[in-house]
Amino acid sequence: MGVPNSHWQLSDANREYKICETYPRDLYVPQMASKPIIVGSSKFRSKGRFPVLSYYHQEKEAAICRCSQPLSGFSARCLEDEHLLQAISKANPINRYMYVMDTRPKHRMQSWWATQKDIGRIIVMISSKVWNDETIRESERKRLNAMANRAAGKGYENEDNYSNIRFQFVGIENIHVMRSSLQKLLEVNGTKGLSVSDFYSGLESSGWLRHIKAVMDAAIFLAKAIMVENASVLVHCSDGWDRTSQVCSLGSLLLDSHYRTIKGFMVLIEKDWISFGHKFSERCGHLDGDPKEVSPVFIQFLECVWHLTQQFPQAFEFNEAFLLQIHEHIHSCQFGNFLGNCQKEREELKLKEKTYSLWPFLLDEQKKYSNPLYSSKSQRFTVLEPNTVSFNFKLWRNMYHQFDRTLHPRQSVCNVIMNMNEQNTQLEKEIKDLESKIKKRKNKQTDGILTKELFHSVCPESPSLKSSLCFKEQTVLPVSDALRTIEGSNAADNRYSDFPEAFKSDPGVVTLEYGVARMTC
């Protein structure tokens with residue numbers, strides 16, 4: 001990411017998890033941020049999750065930062081927090097303005113301000129004669145306690161206290177709404193015999209794809225703020241480990257092609273999800289805990305990535321099977337990456353010593369998870385700009401029906417291409433083997449010819465060999481030479497038939513099928 005640099009430094013303030021237990025040990029903060037400012041800001045933020053760096057864009061010199069909501073209560077101001085946000089905006093030399101992106105729906109903010117007004121109204125009532133009425137006093141006391149509990153820990157930044165800040169609400173619902181939406185989706189998928197209209201009606205009423213679109217829109221806004229406006233962005237939700245992780249990781253994925261590779265995607269999950277304290281054990285229901293804490297936050301992230309792979313099939317090195325395998329092992333508990341709720345908890349459980357990591361297991365079968373359409377050169381500096389029109393969102397069939405054997409199997413285009421590539425590779429290997437065999441055979445023949453020529457050049461022919469071959473090399477002498485005439489073509493002409501013993505002892509006589517000849521060389 002290009003850090004540390006002149007604007008960002010590696011801080012050891014949380015080295016012993018003293019400031020925030022759910023953050024990692026090593027954190028990047030602005031150079032201007034001192035340790036007292038960090039400590040003061042952590043006390044003002046929920047769970048002590050103060051603003052820290054998540055991603056730094058080297059070309060634009062803009063940053064994606066993350067934190068949790070402020071604990072405003074009745075006094076919604078913290079000077080240390082204001083100084084820290086000011087330091088983040090000054091760490092960007094190109095644009096001094098920065099966005100504070102609140103991923104919570106805007107109606108939550110409106111209800112919060114209504115709570116503040118109600119509290120003020122009740123305080124006025126306390127000092128009035130109306131409070132003397134016992135009926136009104138009892139009902140208002142209960143209401144005041146409820147609103148005071150809400151106001152004590154659920155707040156928003158006050159725009160009047162922060163300079164060079166622009167606030168943006170993107171409207172992603174909380175974990176309870178997402179859990180209910182997934183349950184409705186699974187009910188629709190599990191119901192047999194639904195008509196097409198009933199299925200799509202149930203899919204729409206679940207709101208699942210609408211929530212996926214909301215997460216995608218938030219990530220697109222984040223990427224455009226950095227690429228178009230050169231502005232840094234601070235992202236937060238309630239506690240900063242659910243919706244914040246979704247938006248920060250997807251924004252980094254859109255901006256940086258490195259995270260679209262197999263190894264880069266592993267780094268992204270380690271950075272924005274595992275290290276920054278997404279509560280995998282509670283959200284995935286690994287242990288018998290509060291069922292209200294279970295929510296498909298990480299599943300939504302994987303589904304958003306899958307939708308990106310559908311729109312940009314050449315931009316990702318990995319395929320759909322890679323995402324499905326990660327999803328499977330989040331719930332299988334076979335690997336230690338996703339056990340526990342934060343880094344501190346994993347260190348206390350000594351998961352590194354007791355368990356294996358998922359990533360080497362996936363890298364061993366990297367070919368299985370490779371996208372045959374991936375083009376690394378063309379996508380190196382490309383920023384993805386997905387289209388979030390409604391018709392671009394569809395049900396992830398291989399996720400929600402991967403174990404349904406009653407459905408007609410469909411082979412994806414990527415699988416067909418992978419099979420064809422494997423066949424081509426096998427054929428190319430066979431061609432190379434045949435070419436090497438042909439080359440070896442030619443070399444053997446050439447070596448044999450060279451050996452003969454070398455033998456004749458080194459060893460001259462002997463006289464006896466010369467005499468045995470002279471009948472092939474010499475021309476036929478005149479017929480008058482009696483010694484070279486072949487006789488015995490008939491019984492009368494066969495003048496040598498009476499002298500067989502003499503011919504046997506004479507090496508110059510050669511017996512033929514139809515006669516005898518005396519040869520002289």
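Visitor: At what angle do helix 7 and helix 8 pack?

Guide: Helices here are DSSP runs of H or I with at least four residues, numbered from the N terminus, and an axis is a line fitted to C-alpha atoms over the stretch in contact, with angles running from 0 to 180 degrees between N-to-C directions. In this predicted model, local features need pLDDT of at least 70 and side-chain atom pairs count only at pLDDT 80 or more, while totals for chains, interfaces and linings use all residues. Residues are numbered from 1 along each chain as its sequence is written, and side-chain values use heavy atoms, with hydrogens and water left out. Helix 7 (residues 208-227) and helix 8 (residues 243-255) pack at about 55°, with axes 8 Å apart.

Visitor: Which residues make the contact?

Guide: Contact means heavy atoms within 4.5 Å. Among the residues involved are Val215, Ala219 and Ile226 of helix 7, and Val247, Gly251 and Leu254 of helix 8.

Visitor: Which residues of helix 6 are buried?

Guide: Buried means under 20% relative accessible area, exposed over 50%, and partly exposed in between, with a 1.4 Å probe and protein chains only. In helix 6 (residues 196-206), Gly202, Leu203 and Ser206 are buried. The buried residues fall within an arc of 100° seen down the axis of helix 6, so they line one face; the arc is that of the directions from the helix axis to the C-beta atoms. They pack against helix 5 (175-190) and helix 7, whereas on the other side Val196, Ser197, Tyr200, Glu204 and Ser205 are exposed.

Visitor: What follows helix 6?

Guide: Helix 6 is followed by glycine 207, whose phi is positive, near 75°.

Technical notes:
Helix = DSSP H or I, 4+ residues; strand = E, 2+ residues; numbered from the N terminus.
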